[in-house]
Amino acid sequence: MFKSLPIQLVQEDTDDLIQMINPEQESDLKPEDLPGEIPILPIKNTVLFPGVVIPITVGRQKSIKLVKKAYQGNRIIGVVAQKNPQAEEPTIDDLYRTGTVARIIKMLVLPDGNTTIIIQGKNRFSIREFVQEDPFLSASIDLLTEPALNIESKEAKALVQSLKDAALKILKLNPEIPQEAQIALDNISSMSFLVHFLSSNLNVEVADKQKILETQNLIDRGTLLLQFMLKDIQMLEIKHEIQKKVHTDIDQQQRDYFLRQQIKVLQDELGYDGPDKEVEKLRKRAEGKKWPKSVKEHFNKELDKLLRINPMAAEYPVAMNYIEFMLDLPWSEFTQDDFDLKRAKKILDHDHFGLEKVKTRILEYLAVLKLKQDMRGPILCLYGPPGVGKTSLGRSIAKALQRKYVRMSLGGVHDEAEIRGHRKTYV
């Protein structure tokens, strides 16, 4: 990802105007143009490349002394990146040994005491030896010459085109970069300046930029730069894809929300009860239930879950049926049994003629329940072919005990064991 592209500026010696120039028109420095020693300016969080113009804010006392003295002289300094950007007073060991000779174009003293300089990179150099540390760093250097390169070769042309294509793709994927960047790229014809310009603005670690600067051959330098750019393109594409998915999900949620709101308004106009009103009715029905605290908490949890489900979803009627079933169950509601055996015998004789053995067995069963005063007991099972009176006997027993009679079909159940311990649970 590219940073904000710097403005290429230069100050004429005759006046204070700052004019735009083409850095490719600036001639490189020669060894005879340099003194035996040059001041070394440490910078952090960036690397200066030849031909590139960048502003630097100078706040350290040593750096301010260096800049002021150089500005009064030939304005030539050596710019070297720090290995550790956290070091406020970097020593010799905190600096890389390869940097860029730069010319100070403009110096501005700010009201807060800091000094801002605009510098342009000229040549790459390697430090031969540090000769002083106070009042600022100075070193003897060796200029690094560029090996001869045939810019008309197929390899060079392919590399330039690949770098421009990668840069344009990054510009397309990153909307934060201004459109003027594409104009700047189109106007660059020098391969060396293209490599240095893109390297300076590529958003990678300082160590990676330093690695590009230290690469001797321009083709190898551009190839390494292209590798970093392709990695950046992959990250931008992944980021773009994630943002697209998130944006699609949000759009779908908003669409569903607006549709539900419209359905709600239409239901209100037509007098239909929407999901919210149905839930409120269920909640009011639950207020009269005498269920345990744990059951009440579970019911409210299921009710809140129902509100979050789309009424058009397949699980909505399932959740609604479960809640209504919980409300229909007779929680803590029961009738008091009437164990009047004489009354029971009278009802059985009145409802059924004959069946003496069956009626006697039923009365024995009721007598045991009366003595135990406990509803736990064996299940009374009536069996026989259709039409012999099984259902009517059950209705007479409920009438004798003054219970409510419920007929439930258990088709497919083979014996009592399946009723007592069926492997499936029905709630």
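So, how are helix 10 and helix 12 oriented to each other, roughly parallel or roughly antiparallel? Let's start there, and keep in mind that what we're looking at is a predicted model.

Helix 10 covers residues 341-351 and helix 12 covers residues 390-401, and they pack at an angle of about 150°, with their axes 9 Å apart. Angles over 145 degrees go down as roughly antiparallel, so that's the answer for helix 10 and helix 12: roughly antiparallel. The hand of this crossing is right-handed. If you want to find the contact on screen, look for R343, A344, I347, L348 and D351 on the helix 10 side. Across from them, helix 12 brings L393, S396, K399 and A400. Sorted by class, that contact has 5 nonpolar residues, 1 polar and 3 charged.

Okay, next pair. Helix 8 is residues 293-308, helix 9 is residues 315-328, and their axes come within 10 Å and cross at roughly 155°. By the same cut-off of 145 degrees, helix 8 and helix 9 are therefore roughly antiparallel too. The crossing here, though, is left-handed. From helix 8 you get V295, H298, F299, E302, L303 and L306 in the contact. Helix 9 answers with Y316, A319, M320, Y322, I323, M326 and L327.

One more helix pair: helix 2, residues 154-173, and helix 4, residues 191-201. Their axes cross at roughly 35° and come within 11 Å. This crossing of helix 2 and helix 4 is left-handed. On helix 2 the contact uses A156, L159, V160, L163, K164 and A167, and on helix 4 it uses M191, L194, V195 and L198. Between helix 2 and helix 4 we have 9 nonpolar residues, no polar ones and 1 charged.

Now, the cavities. How many cavities of 30 Å³ or more does the model have? The count comes to 3. The largest cavity holds about 110 Å³ of space. Its lining is made by I40, P42, R60, K62, S63, L66, E89, P90, F136 and L137. Two elements give two or more residues to that lining, namely strand 3 (38-43) and helix 1 (61-72). Helix 1 gives the most, with 3 residues.

Which peptide bond is cis? That would be the one from D134 to P135, with omega near 0°. P135 sits in the loop between strand 7 (115-132) and strand 8 (138-143).

N45 has a phi of about 70°, and you'll find N45 in the loop between strand 3 and strand 4 (53-58). Remember that strand 3 also came up in the lining of the largest cavity. The other is R75, with a positive phi of about 65°. R75 is in the loop between helix 1 and strand 5 (76-81), and helix 1 is the element that gives the most to that lining.

How values were computed. Residues numbered from 1 in each chain as written. Predicted model: local features only at pLDDT ≥ 70, side-chain atom pairs only at ≥ 80, totals over all residues. Heavy atoms only, no water. Axes fitted to C-alpha atoms, helices over the stretch in contact; angles between N-to-C directions. Helix = DSSP H or I, 4+ residues; strand = E, 2+ residues; numbered from the N terminus. Parallel < 35°, antiparallel > 145°, perpendicular 65-115°, else oblique. Left-handed = near helix turned anticlockwise from the far one by under 90°. Contact = heavy atoms within 4.5 Å. 1 Å grid on protein atoms, 1.4 Å probe; cavity = no way out; pocket = protein on both sides within 12 Å on 5 of 7 lines; lining within 4 Å. Points joined across faces, edges and corners; volume = space filled by probe spheres on them. Nonpolar A, V, L, I, M, F, W, Y, C, P; charged D, E, K, R; others polar.
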